[in-house]
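Here is a briefing on a single protein chain, written for someone who is meeting its fold for the first time. Please look over the sequence and the structure shown next, and keep them at hand while reading the points that follow.

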Amino acid sequence: MKKIEAIIKPFKLDDIREALASQGITGMTVTEVKGFGRQKGHTELYRGAEYMVDFLPKVKIELIVADDILDLCIETIAKTAKTGKIGDGKIFVYNVEQVIRIRTGEMDESAI
């Protein structure tokens, strides 16, 4: 099993959720986060004063998937999140040793 974390632009969240659902992939955790990379933030104007916004709003998607659908998930997220502009995001993949569904006690792939 693998854990996929994807940091994406907020307006792409619904598109990614729908694209994954159309592939039969359901269940994810979504967190609103802030960060910056090569984008380095931007300047904004507020009441006539210009100020620097260092951390930009992003969304972090987390999902646990079986090894056999990992590539499909990554491809779907990458294709759907891509705008071709700086700040599109990143995808991280981690090994997952064990999953336990608290309610039923199911373990590993049956708990996903």
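Predicted model: local features only at pLDDT ≥ 70, side-chain atom pairs only at ≥ 80, totals over all residues.

**The chain as a whole**

- The secondary structure of the chain comes to two helices and six strands, and, read from the N terminus on, these elements follow the order β-α-β-β-β-β-α-β.
- Of the 112 residues in the chain, 31% count as buried, while the accessible surface comes to about 7,800 Å², with 51% of it belonging to carbon and sulfur atoms.
- Among contacts between residues at least 6 apart in sequence, 69% join residues that are at least 24 apart.

**Strand S1 and its partners**

- Strand S1, which spans residues 2-8, is mostly covered, as five of its seven residues are buried.
- S1 pairs with S5 in the antiparallel sense over seven bridges, and within this pairing Ala-6 has Ile-61 of S5 as its bridge partner.
- S1 is also joined to S6 by seven bridges, and these two strands run antiparallel; here the bridge partner of Ile-8 is Gly-89 in S6.

**Helix H1 and what covers it**

- Helix H1 takes in residues 13-22, and within this helix Leu-13, Ile-16, Ala-19 and Leu-20 are buried.
- Seen down the axis of H1, the buried residues fall within an arc of 130°, so they line one face of the helix.
- An α-helix has 3.6 residues a turn, so residues three or four places apart point the same way.
- Which elements cover the buried residues of H1? The cover includes strands S1, S2 (29-35) and S5 (56-65), together with helix H2 (70-81).
- Just after H1, Gly-24 takes a positive phi of about 85°.

**Salt bridges across the structure**

- Side chains of opposite charge can pair when their charged atoms come close.
- Arg-17 forms a salt bridge with Glu-18, the closest N and O atoms being 4.0 Å apart; Arg-17 counts as partly exposed at 42% relative accessibility, and Glu-18 counts as partly exposed at 46%.
- Lys-3, Glu-5 and Glu-62 are linked in a network of salt bridges.

**Asp-88 and the link to Lys-9**

- The side chains of Lys-9 and Asp-88 meet in a salt bridge, with a distance of 3.7 Å from N to O.
- Lys-9 lies in the loop between S1 and H1, whereas Asp-88 lies in the loop between H2 and strand S6 (89-95), so the pair ties together parts that are 79 residues apart in sequence.
- Are these two residues buried or exposed? Lys-9 counts as buried because its relative accessibility is 13%, and Asp-88 counts as buried because its relative accessibility is 16%, the cut-off being under 20%.
- The side chain of Asp-88 also makes a polar contact of 2.4 Å with the side chain of Thr-83, and a polar atom of the Asp-88 side chain lies 2.9 Å from the backbone nitrogen of Gly-84.
- When neighbours within four places in sequence are left aside, Asp-88 is in contact with Ile-7, Ile-8, Lys-9, Ala-81, Lys-82 and Thr-83.

**Glu-62 in strand S5**

- Glu-62 lies in strand S5 and counts as buried, because its relative accessibility is 16%.
- The side chains of Glu-62 and Lys-3 are joined by a polar contact of 2.9 Å, and both residues belong to the salt-bridge network that also includes Glu-5.
- With neighbours within four places in sequence again left aside, Glu-62 is in contact with Lys-3, Ile-4, Glu-5, Met-28, Thr-29 and Thr-31.

Definitions and conventions: Residues numbered from 1 in each chain as written. Heavy atoms only, no water. Buried < 20%, exposed > 50% of the residue type's maximum accessible area, 1.4 Å probe, protein only. Helix = DSSP H or I, 4+ residues; strand = E, 2+ residues; numbered from the N terminus. Arc of directions from axis to C-beta. Contact = heavy atoms within 4.5 Å. Polar contact = N/O pair within 3.5 Å; in protein donor to acceptor, adjacent residues only side chain to side chain. Pairing = 2+ DSSP bridges. Areas by Shrake-Rupley, 256 points an atom, 1.4 Å probe, with all protein chains shown as cover.
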